[in-house]
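Subject: Structure for your review

Hello,

Below is the structure I said I would pass on. My notes follow it.

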Amino acid sequence: MILADKIIELRKKNGWSQEELAEKLGVSRQSVSKWESAMSIPDMGRIVEMSNIFGVSTDYLLKDEIESTTQDSDTFEKQNDELEPPARRVSMEEANNYLETIRVCSSKIALGVMLCILSPILLIVLAAAQEEKMVKMTEAQAAGIGVMVLLLMVGAAVGLFVFFGTRLEKYDYLEKELIDTEYGVDGMVKDKKEKYAQTHLLLLTVGIVLCVVSCVPIFGAMILYGEDEFACIVAVGLLLALVAVGVFFIVLTCIRMGAMQKLLEEGEFSKDNKRRNKAQEPISKVYWGIVLAIYLGWSFISNDWETTWIIWPVAAVLFGSVVGIVHMARK
């Protein structure tokens, strides 16, 4: 645990706000905030004062640097033993830049996903309205307008994916490589993650609820309008709109939370998972190459494309077993 984390923990244990701690130390709240986010480190005099206020030793507050050095040494030895490349160093500046880039890009990528889901709504509704003679246009005109809007929305979505996805490409290593964060980065990210946790839970809950209740318009149309086909078509449009908004919230918050998990190497981005994925990568390339060759060969020889697709789900089920057998053989 770094000094920033210890200050946060001890302050909360005593039930003090940042303002109250700052008043006891005779400093500004901004100073305490910078200490807790690891943007700066208090001088020795302040550390001695904090040890007296919190009732702990200065050794307890400062020993994390000794522990960090020991852990770095152990990590280095372990990496040498396992013949792993050294972990990539992530500075405080790079971590902050990454989180800011994620903040900007996540909403745009989520918007692109939402546009893709919304894109067919006008086409569906216009086609139904034209068939019911509710609009004065031919079938071709209705289809043309609907398809044009669909393509424009999908095109805009693809543009968002490409432009903002490219901005995130330079941070791909956070998902695949082992990283070693500089002093203070973990504390800063943990603080941001803790503050964002409630927002993440709220957005995720709202998104899931919207997806679940998206069928309500269809049942409502059936109850209110019976077998009215146009009402049911409009209800389908509302369904897609609710799903689009729900997915927007889910994608937005999962990208932001995932970014913090990458920096902390938590969950699916843990060191063990990265090692496992890296070990599976060459196996995966060979395996799926063989599966593709078998699929194409079988399909062209038999000319039974309607049946040969079954090879893909079977191959997916067997993949885990193949990986396990290869690892056992290596050992």
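Which residue forms a salt bridge with Arg11, and how far apart are the closest N and O atoms? The partner is Glu36, and the closest N and O atoms are 2.5 Å apart. Arg11 lies in helix α1 (residues 3-13) and Glu36 in helix α3 (residues 29-36), so the pair ties together parts that are 25 residues apart in sequence. Arg11 is buried, with a relative accessible area of 9%, and Glu36 is buried too, at 2%.

Conventions: this is a predicted model, in which local features need pLDDT of at least 70 and side-chain atom pairs count only at pLDDT 80 or more, while totals for chains, interfaces and linings use all residues. Residues are numbered from 1 along each chain as its sequence is written, and side-chain values use heavy atoms, with hydrogens and water left out.

The terms are as follows. A salt bridge is a side-chain nitrogen of Lys or Arg within 4 Å of a carboxyl oxygen of Asp or Glu. Buried stands for under 20% relative accessible area, exposed for over 50%, and partly exposed for what lies in between (1.4 Å probe, protein chains only). Helices are DSSP runs (H or I, at least four residues), numbered from the N terminus.

Salt bridges

The structure holds nine salt bridges. One of them joins Arg103 to Glu100, with 2.7 Å between the closest N and O atoms. These two residues are three apart in helix α7, and are therefore separated by about one helical turn. Arg103 is partly exposed at 45% relative accessibility, as is Glu100 at 38%.

Another is formed by Lys195 and Asp191, whose closest N and O atoms are 3.3 Å apart. Both lie in helix α11 (residues 185-212), four residues apart, about one turn of the helix. Lys195 is exposed, with a relative accessible area of 61%, whereas Asp191 is buried at 14%.

Surface patches

Patches are made of residues with over 30% relative accessible area and no salt bridge; like charges are joined within 9 Å, and nonpolar side chains (Val, Leu, Ile, Met, Phe, Trp, Tyr) within 5 Å.

A nonpolar surface patch of about 750 Å² is made by Val286, Ile290, Ile294, Trp298, Trp309, Ile310, Val314 and Leu318. Helices α14 (271-302) and α16 (311-330) each supply at least two of its residues, and α14 gives the most, with four. Ile310 sits in the loop between α15 (305-308) and α16, and is partly exposed, with a relative accessible area of 37%.

A surface patch of negative charge gathers Glu131, Glu132, Glu139, Asp228 and Glu229. Asp228 is found in the loop between α12 (216-225) and α13 (229-264) and is partly exposed at 34%.

Individual residues

Leu118 lies in helix α7 (residues 92-118) and is partly exposed at 22% relative accessibility. From Leu118 to Gly237 there are 119 residues in sequence but 8.3 Å in space, C-alpha to C-alpha. Leaving aside neighbours within four places in sequence, Leu118 is in contact (heavy atoms within 4.5 Å) with Met153, Leu240, Ala241 and Ala244.

Glu265, in the loop between α13 and α14, has a phi near 55°, a positive value in a residue other than glycine. Most residues other than glycine have a negative phi. Glu265 counts as buried, at 13% relative accessibility.

Regards

Notes:
Accessible areas come from the Shrake-Rupley method with a 1.4 Å probe; for residues, only the protein chains shown count as cover. Lys and Arg count as positive and Asp and Glu as negative; His and the chain ends are not counted. The place of a charge is taken as NZ of Lys, CZ of Arg, CG of Asp or CD of Glu.
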